[in-house]
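Biologist: I would like to learn how to read a structure like this one, feature by feature. Could we begin with charged pairs and then move on to the ligand?

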Amino acid sequence: MADAVRGLTREDALALDAADPLAAYRERFVIADPELLYVDGNSLGRRPLATADALQALATTWGEELVGGWESWIAWPATIGDELAPLIGAGPGETLVCDSVTVNLFKLAGAVLATRPGVVVCSPDEFPTDRYVLDALGREVVASAPEAEALRAACAGREVALVVFSAVDYRSGALADMAAVGAAAHELGALVLWDLSHAVGSVEVDLRGTDADLAVGCTYKYLNGGPGAPAFLWVRGGLIDGLTSPIPGWFGAADQFDMGPSYAPAPGVARFLAGTPPMVALAAIRPGVAMLAEAGMPAVAAKGRALTGLAIALHDQWLAPAGFTLGTPRDPWARGAHVALRHPDAWRITRALIERARVVPDFRKPDVVRLGLPALTTSFADVFDACERLRDLVAAGEHERVDPAPRRVT
Ligand SMILES: Cc1ncc(COP(=O)(O)O)c(C=O)c1O
């Protein structure tokens with residue numbers, strides 16, 4: 001990279017792209033407008049080219065085989081769960097793809113709390129849906145940052161049932177030390193449940209190696225599963241037998257087609273299925289998962305660290321002097337694949353980037369312009385160009401000319 005005096009140049013970014021072993025993956029995604037800099041793949045990932053064939057194949061099976069299609073479809077939540085498992089350090093038969101993160105969290109946390117007394121621990125900065133679900137489960141919720149020492153301090157002398165944290169914080173991008181948090185939770189006698197929504201497909205996750213107990217996560221972000229793609233859930237093998245879903249649906253029953261008088265859970269993680277899974281949406285998850293598995297998470301995570309590192313270097317070079325502060329850890333091993341750029345006028349700046357500069361990030365309250373940089377679809381030149389357009393836009397006061405009215409989607 002360039003020396004500090006000269007500063008980073010676009011040639012530096014192009015050199016990084018030329019040396020990037022994952023560069024060719026971009027060609028396997030739809031990039032309808034090369035001039036549009038899409039840095040919101042941590043909200044909705046780009047569409048893989050192969051998704052069209054996957055959806056067409058599903059439509060063909062539906063048309064030709066009709067209800068007979070269920071002979072194969074019925075296994076998909078578990079089959080696609082197994083395809084996803086290597087991305088999160090899960091073993092076979094431990095992961096299911098179904099429902100939303102919200103519903104999966106309700107099912108897993110509800111099942112745990114039915115078997116254990118004690119409080120629940122969650123971060124006050126946790127993604128809202130997680131906080132709302134945990135509040136609704138009726139236990140006292142103790143606030144702690146997602147760090148081992150904070151957890152020990154918050155819970156000293158308390159009986160703790162369950163600890164729920166995001167592995168990568170949705171706003172700051174901070175990556176938790178999953179092994180240290182898991183060890184602290186277990187010292188307290190609690191189980192630990194990870195929300196992997198911003199971690200899966202962006203960093204190396206080793207659920208078994210870090211003694212995790214349960215997990216949930218999104219597939220529409222870094223897994224490129226499409227808008228509203230079903231989420232996943234994971235339960236450590238060995239834990240499952242004691243757990244019963246609080247939504248005891250027929251797809252999770254041992255005797256689904258016996259239509260018996262009462263519910264008995266299916267063996268294994270399948271008991272956490274509820275109603276009929278959405279096959280069209282499940283079909284769309286496979287191409288993105290397959291590409292990440294092929295590329296390998298070590299390489300994907302390494303590129304994520306490099307992309308975010310470039311964004312941080314450009315923040316220091318251009319954006320800090322323009323009034324931004326960095327809201328993301330500088331340690332590359334302590335962050336995911338998005339960067340939080342904090343600015344008092346972040347909302348108007350985000351709108352101006354979208355409306356006037358052809359850069360698509362998103363805004364998170366109160367003051368974050370969030371740049372998501374998925375490794376398979378983001379080039380180093382994209383990062384350079386997005387930061388340059390951001391610098392120029394703020395310098396020209398373009399953000400002062402946008403409508404500041406709140407919008408339904410931010
Ligand atoms: C960390 C986190 N958890 C949960 C969710 C919500 O997921 P869902 O809408 O699938 O319930 C999101 C959505 O962006 C998220 O970022």
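Modeller: A search of the whole structure finds 22 salt bridges, a salt bridge being a side-chain nitrogen of Lys or Arg within 4 Å of a carboxyl oxygen of Asp or Glu. Please keep in mind that this is a predicted model, in which local features need pLDDT of at least 70 and side-chain atom pairs count only at pLDDT 80 or more, while totals for chains, interfaces and linings use all residues. Residues are numbered from 1 along each chain as its sequence is written, and side-chain values use heavy atoms, with hydrogens and water left out.

Biologist: Which residue meets glutamate 83 in a salt bridge?

Modeller: Side chains of opposite charge can pair when their charged atoms come close. Here the partner of glutamate 83 is arginine 286, with 2.7 Å from N to O. This pair links distant parts of the chain, since glutamate 83 belongs to helix H4 (residues 76-88) and arginine 286 to helix H9 (residues 279-295), 203 residues apart. Helices here are DSSP runs of H or I with at least four residues, strands are runs of E with at least two, and both are numbered from the N terminus.

Biologist: How many residues surround the ligand, and which are the closest?

Modeller: A residue is counted as near if one of its heavy atoms lies within 4 Å of the molecule. The shell has 13 residues, the closest being Val101, Thr102, Asp195, His198 and Lys221. Helix H5 (101-113) and helix H6 (128-136) each supply at least two residues of this shell.

Biologist: Where is proline 366, and what kind of peptide bond joins lysine 365 to proline 366?

Modeller: Proline 366 lies in the loop between strand S12 (362-364) and strand S13 (368-372), and the bond from lysine 365 is cis, with omega about 5°.
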